[in-house]
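Dear colleague,

Please find below the structure that I am handing over to you.

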Amino acid sequence: MSVALRELLLAGAVVDVGALLETVLAATVAGLGVTTTFSLAILGASGSVDARRNGQRLQSAAYAALAVLGVLATLAAIGFGLVVMVR
Amino acid sequence: MSEADLILYIVVGTALVFDFTNGFHDTANVVATSISTRAMSPRLAVGYAAILNFVGAFISLEVAATVADAVVAADAITPTVVFAGLIGAIAWNLATWYFGLPSSSSHALIGGVVGAAFAAAGPDAVLVDGVVGKVMVPAVVAPALAFFVGVGAIVICYRMVGRQRPGPVTRGFRWGQVISGGLLALAHGTNDAQKTMGIIALALIAHGELAQGSDPPTWVIVSAATAIALGTYSGGWRIIRTMGTRIIKMDAAQGFSAQGAGAAVILASSHFGFPLSTTHVISGGVMGAGAGKRLSAVRWGVAGNIVGAWLLTLPAAAVIGAAADGVVRLLGNGAVGPVAISIAALLAGAFAFLQRIRKGQTVATG
């Protein structure tokens, strides 16, 4: 067994790899997920205003719904994360 | 009041002072992004961060448990050893602040306690698995993770709203920063205040007031939360005065991405009990949000500082903690050592502060 492999196995034995991987996964999903939902909200809000200016009422309403969904999804994701932490 | 009680009071007081300085020092990291993108006024950002730092201290106790149970063997040490560890951390923070070296308060705290425990009770008092697995490896992983989440987040932002009119998008992300900045303050409060709770819990266990494995008492949680919140609020006024000179230029989407990445990593790590350098994680998020837009926008010198702090802080604080323990024991087993060292530390701190101000004035006027 090479020294590098032995050191890697030793580190693996000391580090709680499961918890570390869960941290990486949770942080990535939370960070990118909330960014995506909030960007959707901004896209919806901005698109709704532009469509209304152009007289496209149906499109404006659809964009507005996207904005509301984006905000709700963002708040739900944050709320879920905090509830998991507090529990 | 017995001498042991007096030592315990000194340890608790010193830990809370450390917590206050942690909040004072870290305000800039927590609020700078919101202020620089004009998402919030400086006064509002500082007040908001202080309140959420306070609240954050109540949402988890996993990090406190790690500090109290997984770093040193609580049954092998005494409150005096915890005190020596705190002095090691404070002395190292003071020295690095004076000489402008990179540092991390969190690593200094853990390094100081490890060094003092090693000196007092030998290698068996140090839980190597905990130090490596819960502190050292996450210390390397977390800032890198925040960097990559920051890169991913800013790429998503630009891809999704890059073709929209800039005005509404900027306003939208400024509102988003109210949420992401709040989460970052909450995350900072939970991870950093818990380190102090863990240290006080360790002293209480060593003193026989608390059973090993128990959660910190409510008064410990409330006092640690209050100390970090007051530190954050006090530190904020310094930030307000120096604003505009040292803050990184970024747009609202970058600010949102950087804060979101930092908060996600710190909150997830806190949930699994990893005590992190919140400064390093926030720096990782800021660099990631910068690199996602333009690689040359990243201040790579900051990354160098983080690596320097990784290499220096733990061993240096450990050596000072061990030395502090030696000095305390030279002065006997009673309260004389902690009292004398506390007075010496206060005088050294005041001297360094005055010298630094004098130097600063010389530079400013010369």
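Of the 87 residues in chain A, 31% are buried. Please bear in mind that this is a predicted model. Chain A holds three helices and zero strands, so that its pattern along the sequence reads α-α-α.

Next, the contact between the two chains. Chain A contributes 31 residues to this contact and chain B contributes 36 residues. On the side of chain A that touches chain B, the elements giving two or more residues are α2 (17-53) and α3 (57-86) of chain A. The largest share comes from α2(A), with 22 residues.

Finally, a pair of helices in chain B. The axes of α9 (residues 252-271) of chain B and α10 (residues 278-293) of chain B come within 8 Å and cross at roughly 140 degrees, which means that α9(B) is oblique to α10(B). The crossing of α9(B) and α10(B) is right-handed. On the α9(B) side, the residues making the contact include Q254(B), S257(B), A261(B), V265(B) and I266(B). On the α10(B) side they include T278(B), V281(B), I282(B), G285(B) and K293(B). The residues in this contact of α9(B) with α10(B) divide into eight nonpolar, eight polar and one charged.

With kind regards

Conventions
Residues are numbered from 1 along each chain as its sequence is written. Chains are lettered from A and ligands numbered from 1 in the order in which they are written. This is a predicted model: local features need pLDDT of at least 70, side-chain atom pairs count only at pLDDT 80 or more; totals for chains, interfaces and linings use all residues. Two residues are in contact if their C-beta atoms, placed from the backbone, lie within 7 Å. Helices (H or I, at least four residues) and strands (E, at least two) are DSSP runs, numbered from the N terminus. Axes are lines fitted to C-alpha atoms, for helices over the stretch in contact, and angles run from 0 to 180 degrees between N-to-C directions. Angles under 35 degrees count as roughly parallel, over 145 as roughly antiparallel, 65 to 115 as roughly perpendicular and the rest as oblique. A crossing is left-handed if the near helix is turned anticlockwise from the far one by less than a right angle, and right-handed if clockwise. Ala, Val, Leu, Ile, Met, Phe, Trp, Tyr, Cys and Pro count as nonpolar, Asp, Glu, Lys and Arg as charged, and the others, Gly among them, as polar. A residue is buried if 20 or more other C-beta atoms lie within 10 Å of its own, exposed if 12 or fewer, and partly exposed in between; C-beta atoms are placed from the backbone.
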